[in-house]
Every structure is written in C-alpha cells, then in structure tokens.
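The sequence and the model are shown first.

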Amino acid sequence: VAALGCAPAQGGTKEAQERWGGPCRDDPGSRAQALPQSSRESERLQLPLFLAFLGIYMVTVLGNLGMITLIGLSSHLHTPMYCFLSSLSFIDFCHSTVITPKMLVNFVTEKNIISYPECMTQLYFFLIFAIAECHMLAAMAYDHYIAICNPLLYHVAMSYQVCSWMVVEVYFMGFIGATCSHSLHAKSAFL
C-alpha cells in the first residue's frame with residue numbers, strides 16, 4: 001500500500017486518493033481493490049484495445065485448436081514430434097485462456113476488481129501451464145536431440161510409450177511446481 005503513495009493509517013495524500021479512487025484503508029480488502037480510476041483517455045482506448053486483444057485471442061485459439069485437430073486427423077502426423085507439438089498447442093491454448101477472458105471483461109466493465117481467491121486461482125492455473133510449457137519445450141529439445149544424434153535408434157528410443165510418459169510427466173511437473181508455488185503464496189503476508 002505504501003508503494004501506491006498512501007500511508008495506511010493516515011488515509012494517504014490527496015493526490016494518491018484522487019489517483020487511486022479514495023483513501024487507502026489498512027484492511028486486506030482495500031489492497032486487492034486499489035486500482036486507478038479510469039480517465040477519459042483510457043475510456044476512449046478501451047474499445048480499440050478490447051477489439052485488438054479479442055482478435056489476438058481468437059487467432060491464438062483458432063491456431064492452436066486447428067493444430068491439434070490437424071495432428072489428430074492426419075495419420076502421417078502420428079509421430080513423437082507431432083505428439084509433443086499437439087501437447088504444446090494444448091498448453092498454449094490453456095495458457096491464453098487463463099488470462100485473456102478476464103482481461104477482455106475488464107476492458108468492457110466499469111469496475112476492474114478481482115478478489116484475492118480469484119487472483120490466486122488464476123495465478124495457480126497460469127503457473128501450471130507456464131511450467132508445463134517450459135518442460136514441454138525441454139522434452140521437444142530432447143526428442144530432436146535423439147533424432148539428430150541417433151537417427152537409426154530414434155523409433156526405439158522415442159516409442160509411443162516413451163512419448164506418452166514424457167507428456168504425462170510434463171503436466172505432472174507443471175502441477176507440482178504450481179502447487180508448491182501456490183502454497184507459498186497462500187501463506188504470504190497478504191492475507
């Protein structure tokens with residue numbers, strides 16, 4: 001709260017009160033709702049920003065779902081590399097779906113408030129998919145390494161079972177990493 005330019009016990013400076021929509025109070029609810037009031041300029045930009053981010057989101061969703069569909073329908077693409085690519089597309093789809101819908105709602109609503117439990121839930125799923133994406137890229141790098149260094153043993157080293165286990169482990173690592181991080185955030189001093 002001090003970083004917002006207001007002292008909790010005194011209600012803050014007049015400038016901070018105007019900027020942040022009123023006096024700051026020393027209760028946890030006011031910290032989660034300390035958002036700047038919108039000005040005329042930001043209200044004018046809300047619709048173009050909403051349309052721009054909606055367009056980006058739609059391209060992202062259609063691209064990822066199209067990739068998953070094409071890989072699933074084409075029997076020529078049922079190889080470990082495309083299995084990983086399909087899983088990466090699913091992770092990217094989920095990753096963008098965690099953040100973007102709430103952001104789009106905030107562009108068209110007057111009050112841009114998110115409660116602490118909603119914020120922690122959004123952070124939890126964001127972390128799951130961010131960590132899973134990093135591990136998926138590492139699994140894809142290992143797959144390419146095997147394909148380049150041992151091309152004759154590639155189908156033995158990267159069988160369907162090995163590929164499936166690697167994908168499951170990627171999601172498991174995302175879940176474990178996000179759970180550990182979330183449990184540390186939940187015990188923080190913001191409560």
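## Overall architecture

Read from the N terminus, the elements of the chain follow the order α-α-α-α-α-α-α. The model is predicted, and the values below are computed from it.

Of the 191 residues in the chain, 26% are buried. Among contacts with a separation of 6 or more, 68% join residues 24 or more positions apart. The chain exposes about 12,500 Å², and 69% of this area is supplied by carbon and sulfur atoms.

## Helix H7 and its cover

Helix H7 spans residues 160-186 and contains 27 residues. The distance from its first C-alpha to its last is 39 Å, close to the 39 Å expected at 1.5 Å a residue.

The buried residues of H7 include Cys163, Met166, Val167 and Val170, as well as Gly174 and Ala178. Helix H4 (80-108) and helix H5 (116-149) are among the elements that cover them.

Ser89 lies in helix H4. With a relative accessible area of 5%, Ser89 is classed as buried, because the cut-off for burial is under 20%. Leaving aside residues up to four places away in sequence, Ser89 touches Asn64, Met67 and Ile68.

## A nonpolar surface patch

Leu45, Leu49, Phe53 and Ile56 form a nonpolar patch on the surface. Together these residues have about 330 Å² of accessible area.

Leu49 belongs to helix H3, which covers residues 40-73. The relative accessible area of Leu49 is 35%, so this residue is partly exposed.

How many disulfides does the distance rule give? The count is zero. Cys83 takes part in no disulfide, and the nearest cysteine sulfur, that of Cys163, is 3.2 Å away.

Cys163, at 1% relative accessibility, counts as buried, in keeping with its place among the buried residues of H7.

Notes
Residues numbered from 1 in each chain as written. Predicted model: local features only at pLDDT ≥ 70, side-chain atom pairs only at ≥ 80, totals over all residues. Heavy atoms only, no water. Helix = DSSP H or I, 4+ residues; strand = E, 2+ residues; numbered from the N terminus. Expected span 1.5 Å × (residues − 1). Buried < 20%, exposed > 50% of the residue type's maximum accessible area, 1.4 Å probe, protein only. Contact = heavy atoms within 4.5 Å. Patch = residues over 30% accessible without salt bridge, like charges linked within 9 Å, V, L, I, M, F, W, Y side chains within 5 Å. Areas by Shrake-Rupley, 256 points an atom, 1.4 Å probe, with all protein chains shown as cover. Salt bridge = Lys/Arg side-chain N within 4 Å of Asp/Glu carboxyl O. Disulfide = S-S within 2.5 Å.
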